[in-house]
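Dear colleague,

I am handing over the structure that follows, together with some notes on what a computed survey of it turned up. Please read the notes alongside the coordinates.

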Amino acid sequence: MKIIDAKDITAAVRGAFLSACIAPGEDVAVALCKAENEESSPSGREILCQLIDNNKIAKDEGIPSCQDTGMAVVYLEVGQDVHIINGLVAEAVNEGVRRAYAEGYFRKSVLTPINRENTGDNTPAVIHTDIVPGSGLKIIAMPKGFGSENMSAIRMLKPSDGREGIEEFILETVRNAGGSPCPPVVLGVGIGGTFDYAATISKKQLLREVGSVNPDPQLAQMEKELKDKINALGIGPMGLGGDTYCLAVHIAQFPTHIAGLPVAVNFSCHALRHTEVTL
């Protein structure tokens, strides 16, 4: 059995968000450069060039590439042989978020939903926990911006809608979103499970390396076809026209009830940020 002190979780979460809130990872940088080279619209190429330059400045100067440093989403993969001492996990995570957003001078955007009263420190975080084999604790920090989050959608399709209905819902969601999610975007799609679980797996797909090939051949084909169809809509970077609206579509599926077909679409803008730490 491995013993992990709660204070080490706080330190790891703090460090992860101090890093993640600055700029997207190398996978996003590569995807943006590829898109710039392939973009046929002059205005689209200029926007992509500005995004690439902006990310470089953010990394060089250690400041956020986007002023929206998001709501803190934390994924914990806890080994079943881990024992955590000296505190509660949720409290340790939230303390790490609190310290990171204060020390990094990141925007604190979290508030109560009805009264709209700011909590003052960007907590509480949204925490997802999976129990996995082993004696490690993996922490994934994702600052999730809400310009893109607001365009996300879920629908309980009829089983008879099938693949055609799934794809039409995704395309409809993109058309309705237009330029609002600050494209180019990455789309996480969750198919199956229950109402809530479809949304959970859709967001988790945003953790995949951008443009990585789905190990399921059927889903890999759907991802490629949907990306092509979405980009063919001509919405383009920042919604101003062009070939590049979507950098990647990442899909996951989960068995569902015979009476249902839940589908969730979670948007991330080009500032797709997350950092991983293992204790």
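This is a predicted model: local features need pLDDT of at least 70, side-chain atom pairs count only at pLDDT 80 or more; totals for chains, interfaces and linings use all residues.

Residues are numbered from 1 along each chain as its sequence is written, and side-chain values use heavy atoms, with hydrogens and water left out.

**The two domains**

The domain assignment gives domain 1 as 2-20 + 65-144 and domain 2 as 147-271, the bounds coming from an automatic or database domain assignment. Their C-alpha centres lie 26 Å apart, and the contact (heavy atoms within 4.5 Å) takes 11 residues from domain 1 and 12 residues from domain 2. Between them the domains bury about 780 Å², with 65% of it on carbon and sulfur atoms; buried area here is the accessible area (1.4 Å probe) that two parts lose on being put together, summed over both. Of the area that domain 1 buries against domain 2, Tyr75, Met142 and Lys144 supply 60%, more than any other three residues.

The rule also finds two salt bridges across this interface, a salt bridge being a side-chain nitrogen of Lys or Arg within 4 Å of a carboxyl oxygen of Asp or Glu. On the side of domain 1 that touches domain 2, strand S2 (71-79), strand S4 (126-132) and strand S5 (137-144) each supply at least two residues; strands (E, at least two residues) and helices (H or I, at least four) are DSSP runs, numbered from the N terminus.

**Salt bridges**

A search of the whole structure finds 21 salt bridges. In one of them, Asp130 pairs with Lys204, the closest N and O atoms being 2.8 Å apart; because Asp130 lies in strand S4 and Lys204 in helix H7 (residues 195-204), the pair ties together parts that are 74 residues apart in sequence. Asp130 is partly exposed at a relative accessible area of 34%, and Lys204 is likewise partly exposed at 29%, on a scale where buried means under 20%, exposed over 50% and partly exposed in between (1.4 Å probe, protein chains only).

Glu149 takes part in a salt bridge with Lys144, with the closest N and O atoms 2.9 Å apart, and also in one with Lys203, at 2.8 Å from N to O. The latter pair links distant parts of the chain, with Glu149 in helix H5 (residues 146-149) and Lys203 in helix H7, 54 residues apart. Glu149 is buried, with a relative accessible area of 18%, and Lys203 is buried as well, at 11%.

Arg175 and Glu168 form a further salt bridge, their closest N and O atoms being 2.5 Å apart; Arg175 is partly exposed at 42% relative accessibility, as is Glu168 at 40%. Elsewhere, salt bridges that share partners join Glu95, Arg98, Arg99 and Asp121 into one network.
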